[in-house]
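I opened this entry to keep track of what I looked up in one model. The notes follow the sequence in which I checked things.

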Amino acid sequence: MNEFLTAHWLDITTTLLGLAYILLEYKASIWMWAVGFAMQTLGIVLYYQKGLYADCGMEFYYLTMTVYGFINWKYLKGAKEKRELPITHFKKSLILPWTVATLALWGILWWFLATMTDSRVPITDSFTTALSFVGIWALARKYLEQWLIWIVVDVVTCALYIYKDIPFKASLYALYVIIAIFGYIRWKKMVVRSKG
């Protein structure tokens, strides 16, 4: 048992932090950013050890977006009214640029992983990483549709982590799918209530 825990301690720790993170996100709590920072710092080590180089690199972006998200939620938006950043919709004018940027990033990362690393999963690793770029940005902006992005990311990531023998994180991402569905429903109700 000790050998198993020693071999999987990073997986277990980041899974527990990830569970706390998603529950705080579900509640639209600003504290998710602090939990996320700890989770992503440890995730850098975990993903590097497992050869998930795009996911490892993504953690550095997540760390930056964690700081941005906290500042945006706490200080920038709604500061004039001294209120919390409201949940809003992803702007239609941003859909095409973000789609093009995501596809371009996916292609670049796929090429990089396939030619410059020993990655055995360059297509899926680069896909989840590219789509996560827009997902974390949409979360930092508190857009309702960020949940839909995360559902796609979480389904693919769950399968990828099962394949890469990261069982606890794979289970967490399976749970993320369920929580993301309920999170979308909850946030949608919050948007309706704020308008009414």
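The model is a predicted one. I counted one cavity of 30 Å³ or more. I listed 24 residues in the lining of this largest cavity, and those closest to its centre are Met-39, Tyr-62, Trp-150, Tyr-173 and Tyr-176. I then asked which elements give two or more residues to that lining. They are helix 1, helix 2, helix 3 (53-76), helix 5, helix 6 and helix 7 (167-195). By class, I noted 13 nonpolar, six polar and five charged residues in the lining of the largest cavity.

Two or more lining residues come from each of helix 4 (92-116), helix 5 (122-140) and helix 6 (146-163). Which helix gives the most to the lining of the largest pocket? I found that helix 4 does, with six residues. The lining of the largest pocket divides into 10 nonpolar residues, two polar and one charged.

**Overall fold.** I read seven helices and zero strands in the protein chain. From the N terminus on, the order is α-α-α-α-α-α-α. The radius of gyration is 17 Å, close to the 16 Å that the globule rule gives for 196 residues, so the protein chain is as compact as a globular protein of that length. I also took the box filled by the C-alpha atoms along the principal axes, which is roughly 55 × 40 × 25 Å. Buried residues make up 44% of the 196 residues. For contacts between residues at least 6 apart in sequence, I noted that 72% join residues at least 24 apart.

**Lys-142.** I looked up this lysine in the loop between helix 5 and helix 6. Is Lys-142 buried or exposed? Its relative accessible area is 1%, and the cut-off for buried is under 20%, so Lys-142 counts as buried. Leaving out residues up to four places away in sequence, I listed what Lys-142 touches: Ala-28, Trp-73, Glu-84, Leu-85, Pro-86, Ile-87, Thr-88 and Trp-187. I also checked the backbone, and phi of Lys-142 is near 65°, a positive value in a residue other than glycine. Most residues other than glycine have a negative phi.

**Ala-28.** I followed one of the contacts of Lys-142, namely Ala-28. Ala-28 is found in the loop between helix 1 (2-26) and helix 2 (32-49). With a relative accessible area of 7%, Ala-28 is buried. Phi of Ala-28 is near 60°, a positive value in a residue other than glycine.

**Cysteines.** Cys-56 has 8% relative accessibility and counts as buried. Cys-158, at 14% relative accessibility, counts as buried.

Methods. Residues are numbered from 1 along each chain as its sequence is written. This is a predicted model: local features need pLDDT of at least 70, side-chain atom pairs count only at pLDDT 80 or more; totals for chains, interfaces and linings use all residues. Side-chain values use heavy atoms; hydrogens and water are left out. Helices (H or I, at least four residues) and strands (E, at least two) are DSSP runs, numbered from the N terminus. Ala, Val, Leu, Ile, Met, Phe, Trp, Tyr, Cys and Pro count as nonpolar, Asp, Glu, Lys and Arg as charged, and the others, Gly among them, as polar. Buried means under 20% relative accessible area, exposed over 50%, partly exposed in between (1.4 Å probe, protein chains only). The radius of gyration is taken over C-alpha atoms; the globule rule is 2.2 Å times the number of residues to the power 0.38. Contact means heavy atoms within 4.5 Å. On a 1 Å grid over the protein atoms alone, a cavity is a set of points where a 1.4 Å probe fits but cannot get out, and a pocket is an open set with protein on both sides within 12 Å along at least five of seven lines; lining residues have an atom within 4 Å of a point. Grid points are joined across faces, edges and corners, and a volume is the space filled by probe spheres set on the points.
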